[in-house]
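This report describes one protein chain for a reader who has its sequence and its three-dimensional structure at hand. Please keep both in view while reading the sections below.

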Amino acid sequence: MLAFLVTVMVLCYTCQSLFTKLYSANYQGKNAALSSPVFSICFGGFIGLATLVVGGFSFAPSWPTVLFGLLNAAMLLLYNTSLIEAGNRGSYSFLMICNMFGAIIVPLFVGVVFLGETLTLVQIIAIVLMLISFVVMNARSLSLKGASGAYYIWCALLFLANGLYSTIMNAQQQTMLSMSLPAQRTEMIAISYVGMALVSFIIQYVKGGRERIREGFSMGKKSALFVMMCCLVATLASNLLLYVLTQMPSSILYTIDNGGVLVLSILCSFVIFKEKPTWEQVLGMVMAVASIVMISL
């Protein structure tokens, strides 16, 4: 059953990545710079509110959940900002390597050092193999020529934001268990995502008032459809993530999740966008799959 839930979660996150790309490609707003903040508002607001609806509007967060939720709202905002800023300044491949490394290395460090998680030698080798596969899959397009210092700073912030988001989610669940309190998954997701959406909305409103918000949401029917589909699968993925975190070590879960999503995303690019595979991508995918098999043993 656990393997099935993890598989569904990976598929949902892969679809989220695909629909996000399709949303960006079909965004018809006059100001393309507004596509990201509008996405953050829709994404955060939908996931938070949908989770509350499914949970029967049960909302009684403890103080740790409020604290962790607000911290994660800040991490989500930092993640979106650093992803945009780094993407505007340099190599997308290096940016994605930092992104993936952060999602695995930061939770691994915190889990082993502070949460008492243990890994077998095979699992350690599998994690290292997965990290190497990320570099191999992005090797051909990797270029740091002309990159500025600001680019590396934003990449470092992206590394931390993605890793800390995962870590905070895990820390909240572990704290609830240690205090013998309900998991409060609904409350955690609602605070994290609605908080991020509200901050994004306020920032855009301060910048340009209602006119800026109205302009940003004039995205076109296709873009609106894709952001809605993205929100639906992301809502399921977020709820599955918090549940599965209580069933297996976070370092193993995030390795499987990020590796699986990357492999499936590349396969989607071959099938849907007719991109031609390179030998580096094929080798990297084989390494990632081998890592997932090893870490699951």
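## A nonpolar patch on the surface

The model described here is predicted. On its surface, Trp63, Leu67, Leu71, Met179 and Leu181 form a nonpolar patch. Together these residues have about 500 Å² of accessible area.

## Overall architecture

The protein chain has ten helices and zero strands. Read from the N terminus, the order of its elements is therefore α-α-α-α-α-α-α-α-α-α. The radius of gyration of the chain is 19 Å, close to the 19 Å that the globule rule gives for 297 residues, so the chain is as compact as a globular protein of that length. Along the principal axes, the C-alpha trace spans about 55 × 50 × 35 Å.

Of the 297 residues in the chain, 49% count as buried. The accessible surface comes to about 14100 Å², and carbon and sulfur atoms account for 71% of it. Among contacts with a separation of 6 or more, 87% involve residues 24 or more positions apart.

## The nonpolar core

In soluble globular proteins, nonpolar side chains tend to be buried together. In this model, the largest nonpolar core has 71 residues. Those with the most contacts inside this core are Tyr23, Phe43, Phe134, Met169, Tyr193 and Leu253. Helix 8 (residues 221-244) contributes the largest share of the core, with eleven residues.

Which residues does Phe43 touch, not counting those up to four places away in sequence? The residues in contact with Phe43 are Gln16, Tyr193, Met196, Cys230, Cys231 and Ala234.

Thr167 belongs to helix 6. With a relative accessible area of 11%, Thr167 is buried, because the limit for this class is under 20%. Leaving aside residues up to four places away in sequence, Thr167 touches Val106, Pro107 and Val110.

Thr186 lies in helix 7. Its relative accessible area is 17%, and Thr186 is likewise buried. With residues up to four places away in sequence not counted, Thr186 touches Thr51, Leu52, Gly55 and Ser58.

## Salt bridges

Side chains of opposite charge can pair when their charged atoms come close. How many salt bridges does the structure hold? The structure holds two.

Glu280 is in helix 10 (residues 279-296), whereas Arg140 is in the loop between helix 5 (121-137) and helix 6, so the pair ties together parts that are 140 residues apart in sequence.

Arg214 has a relative accessibility of 47% and counts as partly exposed.

Technical notes:
Residues are numbered from 1 along each chain as its sequence is written. This is a predicted model: local features need pLDDT of at least 70, side-chain atom pairs count only at pLDDT 80 or more; totals for chains, interfaces and linings use all residues. Side-chain values use heavy atoms; hydrogens and water are left out. A nonpolar core is a set of buried Ala, Val, Leu, Ile, Met, Phe, Trp, Tyr and Cys residues joined through side-chain atoms within 4.5 Å. Buried means under 20% relative accessible area, exposed over 50%, partly exposed in between (1.4 Å probe, protein chains only). Helices (H or I, at least four residues) and strands (E, at least two) are DSSP runs, numbered from the N terminus. Contact means heavy atoms within 4.5 Å. Patches are made of residues with over 30% relative accessible area and no salt bridge: like charges are joined within 9 Å, nonpolar side chains (Val, Leu, Ile, Met, Phe, Trp, Tyr) within 5 Å. Accessible areas come from the Shrake-Rupley method with a 1.4 Å probe; for residues, only the protein chains shown count as cover. A salt bridge is a side-chain nitrogen of Lys or Arg within 4 Å of a carboxyl oxygen of Asp or Glu. The radius of gyration is taken over C-alpha atoms; the globule rule is 2.2 Å times the number of residues to the power 0.38.
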